[in-house]
There are 2 protein chains.
Amino acid sequence: MGITIKDIARICNVSVGTVDRALNNRPGISPKTKARILQVAKEYNYRPDYVAQSLARGRTMTIGLVLFDLYNRSFAQLANAVEASARKRGYSVDLVLTDKDPAIEKEVLNRLHARKSDGIILFPINEGPEFEEYLQSLGTPIVTICNRLSDHWDYVGINDRQAMKEATQHVLAQGYEHLVYICPPLAYRGVTNIYTQEERYQGCLEALAEVPEGRKVSLEVIEDKDYVEVLRRMPLEEQKTAIMCSCDAYALEVMHYVQYERQLRVPDDVGIIGFDSIDVLKYIRPELTTVEYNVEQMGCEAVNLLLERIESAGSQKDVTVKERKQRIIDYKIIQGNSL
Amino acid sequence: MGITIKDIARICNVSVGTVDRALNNRPGISPKTKARILQVAKEYNYRPDYVAQSLARGRTMTIGLVLFDLYNRSFAQLANAVEASARKRGYSVDLVLTDKDPAIEKEVLNRLHARKSDGIILFPINEGPEFEEYLQSLGTPIVTICNRLSDHWDYVGINDRQAMKEATQHVLAQGYEHLVYICPPLAYRGVTNIYTQEERYQGCLEALAEVPEGRKVSLEVIEDKDYVEVLRRMPLEEQKTAIMCSCDAYALEVMHYVQYERQLRVPDDVGIIGFDSIDVLKYIRPELTTVEYNVEQMGCEAVNLLLERIESAGSQKDVTVKERKQRIIDYKIIQGNSL
């Protein structure tokens, strides 16, 4: 059955409490003792007994992860990161998908609550005071990711606005005259939560607002989900055009259309930039210029923040707005060969 | 709160039972009545009340989906398919990942059972009588996918052996003299469940066994997970070589290495073939020759089979081996430009 915490305590000649502190990364233990305990745990292939832990702590040792879908590669990467990170801390993850449907989101939140998830990491598609009140009513610790709700919630994300502003400045610095900005979620403004996408778009507008007076740059925004169809009707070759995609998933489609259907050269005939730096970009040529942030870190920070809440036994209601935490992940522009 | 089953029954002038039959796709109802009920349900935007259903049926209306990880794109596609398909039938999906670790798999199965999942779709990493006995002991309906366990379990998959045999014949038909077969999971033979990978490999061997006597074809098998490192030491240009990858995820890495690091031309200097036809192949050039099967159909069949078991209230123990069902999905070779 493997080694137990008691066995480790005996081997290291420390108390069970000390072993627990070491294994669960809690303070009140010297670095040396901690290192020794972790070493022994590793050597003897220690596996925490989650069921026992769960009983002892009155927890289910599971957290819910609520995402839109797994089509966008960045969600799959995030899910992997959350899962790996939670598992290291002894928690299991239930990943549930909302398909960007506000009604489904409420349903899955109900279910996670009904089965007593210890906490929830939520990429929300709902928004507004009514929804936030509903979340409060669950009484379950919640960390929001990417789509912000309000100051009342712990949040992990990136500075999307500033990132897209810099991305746009990067595009403008290459002398592009016409920008085509692709972002179908903008069509859901006021309907569902499109926080990250709206922020990115505002960042683009901010950069354009700072263009010196003498210079002419035009902007065309595509909110149609059949954006490739819209591109088909555009004279992309006439001006020096850059297609700005609010995420890499769109950029891959656009690259495909522009190169293999439209038979244009990237970047010679038209420039393309993405956002997210999803892992499959490695295999794509020309290399896509994009905005990179560490999605593994994002998943890890979300888990850390949530477990902090769970383990301090603070329900949403006990935490004041001032105590809410935000973890903003760094980003950088990755210069590929597509612009 | 939306329309209820009672409302639909009143509007259509039928019994509640008839509406239930129509909405849950059960027999004992005329096609005409069913069509009318579904029409009314659609018009009035009927949403099943899962909590009420769950209470009424003594079910949680959730199923568990146990997969390795989401790195391999085909798993993410499968997860999406299962989720969409289950949701249409009123079930929510808990996706849990095992990271190919047999101990974690048992843990997550325990958890799914403890929280009373109505059924489980399992891509198993464990195997053997002891594991099957353990699964039996859960008493939860289970459908296995891809990695087969034994005749005692419902199963959805493809004929991996025959598919890889044909893929190999396709490679041989192009006159290749040397085959490099990449499949790191083979290193886990006898340790974990590598059913699909072993079947694919056997298919390759079967094709080679049928090569006419006069013709010389050599085979080199790479089981090292750092297969790119192994390729680095191989004189790929000397013979007419095809690199056969037991899944597309490896093929993408190999294409990347061969083209962008080794500076060889595909297929002129070396041929490459994959397996799975993952969705991102659309964006990759040259187009990868691969084996395609409908992963959405696979997810859908698995859900259908599982719900059949759940809704007939048959636990694993009540079903004899003879009644076990297998759903074998079609496949085909997709001719790209990489061979």
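A polar contact is a pair of N or O atoms within 3.5 Å. In this predicted model, the side chains of A:Ser246 and A:Gln197 make such a contact at 2.7 Å.

**Surroundings of A:Ser246**

A:Ser246 sits in the loop that runs between β8 (241-245) and α11 (248-261) of chain A. Its relative accessibility is 0%, so A:Ser246 counts as buried. Leaving aside residues up to four places away in sequence, A:Ser246 touches A:Met164, A:Tyr181, A:Ile182, A:Cys183, A:Gln197, A:Arg200 and A:Phe275.

**Chain A as a whole**

Chain A has twelve helices and twelve strands. Taken along the principal axes, its C-alpha atoms fill a box of roughly 75 × 45 × 35 Å. Of the 339 residues in chain A, 57% are buried. Among contacts between residues at least 6 apart in sequence, 69% join residues at least 24 apart.

**Salt bridges**

Over all chains, a search of the whole structure finds 52 salt bridges.

| Residue with N | Residue with O | Separation |
|---|---|---|
| A:Arg161 | A:Glu206 | 2.7 Å |
| A:Arg200 | A:Asp276 | 3.4 Å |
| B:Arg189 | B:Glu223 | 3.8 Å |
| A:Arg87 | B:Asp99 | 3.4 Å |

The salt bridge of A:Arg161 with A:Glu206 links helix α8 (residues 160-173) of chain A to helix α9 (residues 195-209) of chain A, the two residues being 45 residues apart. A:Arg161 counts as partly exposed at 26% relative accessibility, and A:Glu206 counts as partly exposed at 27%.

The salt bridge of A:Arg200 with A:Asp276 also links distant parts of the chain: A:Arg200 belongs to helix α9 of chain A, while A:Asp276 is in the loop between β9 (270-273) and β10 (290-293), 76 residues apart. A:Arg200 is buried, with a relative accessible area of 5%. A:Asp276 counts as buried at 6% relative accessibility.

In chain B, B:Arg189 forms a salt bridge with B:Glu223. B:Arg189 lies in the loop between β6 (178-182) and α9 (195-209), and B:Glu223 in the loop between β7 (218-222) and α10 (227-232), so the pair ties together parts that are 34 residues apart in sequence. Both count as partly exposed, B:Arg189 at 39% relative accessibility and B:Glu223 at 30%. In chain A, salt bridges that share partners join A:Arg161, A:Lys165, A:Glu199, A:Glu206 and A:Glu210 into one network.

**Interface of chains A and B**

Chain B and chain A bury about 3700 Å² between them, with 50% of it on carbon and sulfur atoms. B:Asn80, B:Arg111 and B:Tyr283 supply 18% of the area that chain B buries against chain A, more than any other three residues. The contact takes 38 residues from each of chain A and chain B. Four salt bridges cross the interface, and 15 residue pairs are in polar contact between the two chains, both residues at pLDDT 80 or more. On the side of chain B that touches chain A, α5 (73-88), β2 (92-97), α6 (102-114) and α11 (248-261) each supply at least two residues. By class, this side of chain B has 18 nonpolar, six polar and 14 charged residues.

**Helix α7 of chain B**

Helix α7 (residues 129-138) of chain B has the buried residues B:Phe131, B:Glu132, B:Tyr134, B:Leu135 and B:Leu138. Seen down the axis of α7(B), these fall within an arc of 155°, so they line one face of the helix. Their cover includes α6, β3 (119-122) and β4 (142-145) of chain B. The face turned away from the buried side carries the exposed residues B:Pro129, B:Glu130, B:Glu133 and B:Ser137. After α7(B) comes B:Gly139, whose phi is positive, near 70°.

How values were computed. Residues are numbered from 1 along each chain as its sequence is written. Chains are lettered from A and ligands numbered from 1 in the order in which they are written. Side-chain values use heavy atoms; hydrogens and water are left out. Contact means heavy atoms within 4.5 Å. Buried area is the accessible area (1.4 Å probe) that two parts lose on being put together, summed over both. A salt bridge is a side-chain nitrogen of Lys or Arg within 4 Å of a carboxyl oxygen of Asp or Glu. A polar contact is a pair of N or O atoms within 3.5 Å; within protein, one must be able to donate a hydrogen and the other to accept it, and residues adjacent in sequence count only if both atoms are side-chain atoms. Helices (H or I, at least four residues) and strands (E, at least two) are DSSP runs, numbered from the N terminus. Ala, Val, Leu, Ile, Met, Phe, Trp, Tyr, Cys and Pro count as nonpolar, Asp, Glu, Lys and Arg as charged, and the others, Gly among them, as polar. Buried means under 20% relative accessible area, exposed over 50%, partly exposed in between (1.4 Å probe, protein chains only). The arc is that of the directions from the helix axis to the C-beta atoms.
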